[in-house]
Structures are given as C-alpha cells and as structure tokens.
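Hello,

Here is the structure we talked about handing over. Please take a look, then read on for what turned up.

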Amino acid sequence: MIQVKGVRKSFGKQQVLKGIDLTVEKGEVVVLLGPSGSGKTTFLRCLNFLEHPDDGEITIGETHVNCKTVTKKEILQLRRNTAMVFQLYNLFKNKTALENVMEGLVTARNIPKIEAEEISRKILDKVGLAAKYDAYPSELSGGQQQRVGIARALALNPEVILFDEPTSALDPELVGEVLAVMKQVAKEGLTMIVVTHEISFARDIADKVLFMDGGVVVEQGTPEEVLVHPKEERTKQFLKRILPVSDYSI
C-alpha cells in the first residue's frame, strides 16, 4: 500500500528528515513515536505533499512519485489516495458538522449534494454524532470536533488515513472517545499512519511502531519489539520518560 524510500526534507539549513524509509501493507496500522522535533509530523505531511520533500520516492496505492520531479497532477492523485486528520481539527467554523463532512465530497470529488449529504450522515452516525448534524464547531466539544474531522476523512473513502497527533489538543477526559473511534476504524481494515504519544493505543492497535529522533528512524518493529523489548538505547531513554513506572520494565 505504501512504499517510502529516502525521503528528505530541510527548512533552510535545518535538515528535518534525513532519509526515511517505510513500508506499510494494506490494512496495517503504523504508529510514529518520538520526541518533539524528531520529524514525525513533517514526515506525515510529506506523504501527501502538504510539505514538499526535497528528495526521495513515495508510492501510495498505484501512484508512484519522485519527490524531485513530481508534477501537480501526481500530487493531486497522491492526495486523492489519502485523507488527513489534524491535531487542531481544522473545521470550517461557519459550517455545521454535516456541512464540514460534505465539503470535500462536493468540492474535491464533485459528488452531487444530495448524495454527499447521504454519505455524510452515515459517516457521522458511524462516529457517534447522529444527534449533531446541525451543530457548529463552537457548539461541539473538542472530542466531538475531532470525530467530525475523522468523519470528514472517512467520507472521502481514502486508501490511507494520516492522523497527526489527533488527541494532543484534547482534555484528558475526551481522549478516550476519539481513540475508540480510531480503534473501530482500524478494526475495519483501513490503512492508517498515526503520529501519537498514546502508548496504550500503539500497544493495542498498531501492527508496526516506528521510533523517530533527529530526523531518522531509530528503531521499528512490532509493539512488543519496540515498546517492551527495545534494542536501541535512545528508544529506551524515551520510553523511560513517558511510561508510568508501573509499566516500565526495560
């Protein structure tokens, strides 16, 4: 489903990604962990060219691009294969939950409004927001807004959903409702790449965990291999800082 080779990205003189390789099979859930500034979000944004990589190759589904020579048409096709769920929701404040989900279907996919509305209602029902079709973002909790964001991504029927720290802006008591929806999506077999600090989610749902630091992948493997029996000292240091003492057995 996804093949990434040698992706690099710099901002001015600062090299943020130093050659990232990644393979994701269809239906896999991959979690990216790492400290702030490690390049996780930049890498995620490079996958659909919200940030333009300086070098490397990216394949998603049937679309393969060379990051140096990529065309606008290829970028558009790559984006059609993906959908993104943002940290800060990125909802249109002047549109209802239903209208927010419909927007991409109507404007990007040219689906008739009646059909787009039907699809959007079904997806909002799926994420537990059947009673909130007509609510504006200001009338929704953070967890509900993020569920609208997930519904908006699902409505596009993408091959891959990219999640950029989807729970980091939420109050602790609202995190669970968003993770529950993500777990439901994962169990349905949708390919997902998730930047998160939610270790419990990584343990329960991920097929593969990557630990990034300094713009490189330090270690990758199954949740058991990376979170319970890490080999690299840098991974051990990171986990020791973020895991509860009771969970720490490294």
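**Overall build**

Of the 250 residues in the chain, 51% are buried. Please keep in mind that this is a predicted model.

The chain has 9 helices and 10 strands. Its C-alpha atoms fill a box of roughly 55 × 50 × 30 Å along the principal axes. The radius of gyration is 18 Å, which agrees with the value near 18 Å for a compact globule of 250 residues.

Contacts point to links across the sequence. Among contacts with a separation of 6 or more, 62% join residues 24 or more positions apart.

**Surface and charge**

The chain exposes about 11,900 Å². Carbon and sulfur atoms supply 48% of that area.

On charge, there are 32 positive and 34 negative side chains. The centres of the two sets lie 4 Å apart.

**Salt bridges**

How many salt bridges does the structure hold? The count is 8.

- Lys-126 lies in helix H4 (residues 113-126). Glu-188 lies in the loop between helix H6 (172-187) and strand S8 (191-195). The pair therefore ties together parts that are 62 residues apart in sequence. Lys-126 is partly exposed, at 32% relative accessible area. Glu-188 is also partly exposed, at 47%.

- Lys-95 has a relative accessible area of 24% and is partly exposed. Glu-103 counts as partly exposed too, at 23% relative accessibility.

- Arg-45 is partly exposed, with a relative accessible area of 24%.

Why do Lys-95 and Glu-103 count as partly exposed rather than buried? Buried means under 20% relative accessible area, and exposed means over 50%. Glu-103 has 23% and Lys-95 has 24%, so both fall in between. Arg-45, at 24%, is placed in that class as well.

**In brief**

The chain matches the compact-globule value for its radius of gyration. Buried residues make up 51% of it.

Best wishes

Definitions and conventions:
Residues numbered from 1 in each chain as written. Predicted model: local features only at pLDDT ≥ 70, side-chain atom pairs only at ≥ 80, totals over all residues. Heavy atoms only, no water. Salt bridge = Lys/Arg side-chain N within 4 Å of Asp/Glu carboxyl O. Buried < 20%, exposed > 50% of the residue type's maximum accessible area, 1.4 Å probe, protein only. Helix = DSSP H or I, 4+ residues; strand = E, 2+ residues; numbered from the N terminus. Rg over C-alpha atoms; globule rule 2.2 N^0.38 Å. Contact = heavy atoms within 4.5 Å. Areas by Shrake-Rupley, 256 points an atom, 1.4 Å probe, with all protein chains shown as cover. Lys, Arg positive; Asp, Glu negative; His and termini not counted. Charge placed at Lys NZ, Arg CZ, Asp CG, Glu CD.
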